[in-house]
Amino acid sequence: MKSHIESVKDEIQRRDPDQSEFQEAVFTVLDSLAPVLEAHPEYIKANLLSRLVEPERAIQFRVPWQDDEGQFHVNRGFRVQFNSAIGPYKGGLRLHPTVNLSVVKFLGFEQILKNSLTGLPIGGAKGGSDFDPKGKSDSEVMRFCQSFMTELQRHIGPDLDVPAGDIGVGGREIGYLFGAYKRLRGYQNGVLTGKGLTFGGSLARTEATGYGLLYYTNALVKAQGDTLTGKRIKISGSGNVATYAVQKATELGAKVITVSDSNGYIYDPKGIDYKVVQQIKEVERGRIKEYADRVASAEYHGGSVWDFDVDYDIALPCATQNEINKDQAKLIVKDGVKYICEGANMPSYPDAIAVYQDSNILYGPAKAANAGGVAVSALEMSQNSERLSWSFETVDNRLQDIMEDIFEKSEAADKKYQLDKNYQAGANIAGFEKVATAMMAQGLI
Ligand code: NAP
């Protein structure tokens with residue numbers, strides 16, 4: 001088994017030696033699949049893993065746009081349609097200077113198993129551009145989105161590929177992208193999710209990833225006979241996922257003591273108020289530093305929140321990939337953390353995960369813990385298809401059921417293969433089994 005997995009890894013290293021993020025994501029998954037291959041030698045015979053790690057299609061394109069001073073710029077656009085074995089491609093678009101093919105492939109690969117875990121019929125994809133929306137005017141963002149969609153529209157559609165938001169892509173960007181698509185291809189509201197509520201968006205989509213993270217965390221904590229009530233939580237980031245994670249954690253009786261951005265972090269021992277974060281980041285598009293000017297009990301510090309030494313119970317990284325290294329993971333252990341669940345995609349380096357697993361920390365990996373966003377995106381697709389809008393409560397209840405089901409599936413796989421509360425391997429296996437069954441049934445795809 002090991003040698004088969006090693007040969008798949010060698011091939012990736014040979015073909016894409018520079019794609020470090022992609023390798024990191026894929027190797028972690030492959031390592032956890034050894035017991036499944038042992039139980040299913042037919043997967044080895046069918047060379048299923050080699051097929052799974054190769055995208056069905058990877059599109060790269062030029063995105064020319066003009067700034068408010070009339071200067072011309074060119075960014076690079078991507079869409080990686082990774083796997084459609086269980087449904088149309090589905091996954092977000094990221095606008096951030098760090099976006100490259102490796103980052104988009106890592107996110108697209110993770111999306112395959114994440115989407116499978118939701119139990120909904122959606123395949124895996126991801127896209128984006130190295131455009132930085134920070135500091136750009138609304139008109140500049142609009143011109144960029146229109147140029148990006150001029151090419152992307154050839155490759156997407158309600159039954160083909162349905163993009164959504166991610167870092168740097170919120171309601172404003174989805175609105176501009178949708179408007180551009182509509183001018184080119186006509187009104188098809190199922191082509192993007194995360195839309196505004198007046199043109200086919202779903203209630204609770206904005207909140208979904210943050211809320212879903214807490215529903216998953218709550219299920220994990222409850223399964224240990226424990227409760228969220230009174231727990232102190234460190235959250236990183238102050239974007240979409242972090243904001244609504246703060247809100248739901250507080251509602252469930254916990255106290256969130258930090259939020260952050262790429263410059264620094266806020267520490268508020270009295271508990272972060274999500275409404276202040278929402279006002280600064282979502283409404284005013286400001287920096288998290290401003291929180292300390294508005295809330296007397298809060299302090300602002302430069303640097304990473306994961307270097308801040310304070311006792312707490314639960315870590316919820318909600319900013320970006322590889323934000324927690326091995327030393328920071330050791331500090332998490334020292335600070336007495338019992339649970340870590342990932343709102344961001346791949347926020348922990350593999351050697352940080354090894355530190356969690358060598359301690360008594362229970363670890364909820366991103367593809368399980370942050371699947372709430374894509375789950376509600378799939379519910380938005382259902383509402384668009386039936387031309388109906390569900391109430392906030394209906395969507396939120398379905399989200400909660402889906403997140404609890406994801407935890408239960410991961411736990412069941414963990415028990416089946418006797419992995420000793422390794423919910424990361426449990427999630428990888430549970431997500432993989434459905435995709436593998438579909439791929440085997442569909443012949444050589
Ligand atoms: P967002 O609204 O753009 O917020 C991103 C946050 O992370 C901001 O506070 C940002 O700070 C911080 N950040 C970004 N890059 C950073 C870096 N290199 N170092 C430190 N901080 C950094 O994005 P989001 O939608 O909340 O996404 C956050 C994470 O959740 C991402 O990993 C994303 O893939 C994942 N996720 C999102 C969804 C969703 O529905 N939105 C679903 C599943 C997973 P600055 O403002 O300083 O950059």
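How do the residues of the lining of the largest cavity divide into nonpolar, polar and charged? They divide into 8 nonpolar, 3 polar and 4 charged, where Ala, Val, Leu, Ile, Met, Phe, Trp, Tyr, Cys and Pro count as nonpolar, Asp, Glu, Lys and Arg as charged, and the others, Gly among them, as polar. The model is predicted, with local features needing pLDDT of at least 70 and side-chain atom pairs pLDDT 80 or more, while totals for chains, interfaces and linings use all residues. Residues are numbered from 1 along each chain as its sequence is written, and side-chain values use heavy atoms, without hydrogens and water.

**Largest cavity**
- A cavity is a set of points, on a 1 Å grid over the protein atoms alone, where a 1.4 Å probe fits but cannot get out, and lining residues have an atom within 4 Å of a point.
- The largest cavity holds about 130 Å³, a volume being the space filled by probe spheres set on the points.
- Among its 15 lining residues, Glu110, Met346, Ile353, Tyr363 and Gln424 are the closest to the centre.
- Because domain 1 (2–187) and domain 2 (208–360) both give residues to the lining, the largest cavity lies between them, the bounds coming from an automatic or database domain assignment.

**Second largest cavity**
- The second largest cavity has a volume of about 30 Å³, and its lining comprises 7 nonpolar residues, no polar ones and 1 charged.

**Sheet**
- Strands (E, at least two residues) are DSSP runs numbered from the N terminus, and two of them pair if DSSP finds at least two bridges between them.
- An open sheet of 5 strands runs in the order E1-E2-E4-E3-E5 with mixed pairing.

Terms used
Helix = DSSP H or I, 4+ residues; strand = E, 2+ residues; numbered from the N terminus. 1 Å grid on protein atoms, 1.4 Å probe; cavity = no way out; pocket = protein on both sides within 12 Å on 5 of 7 lines; lining within 4 Å.
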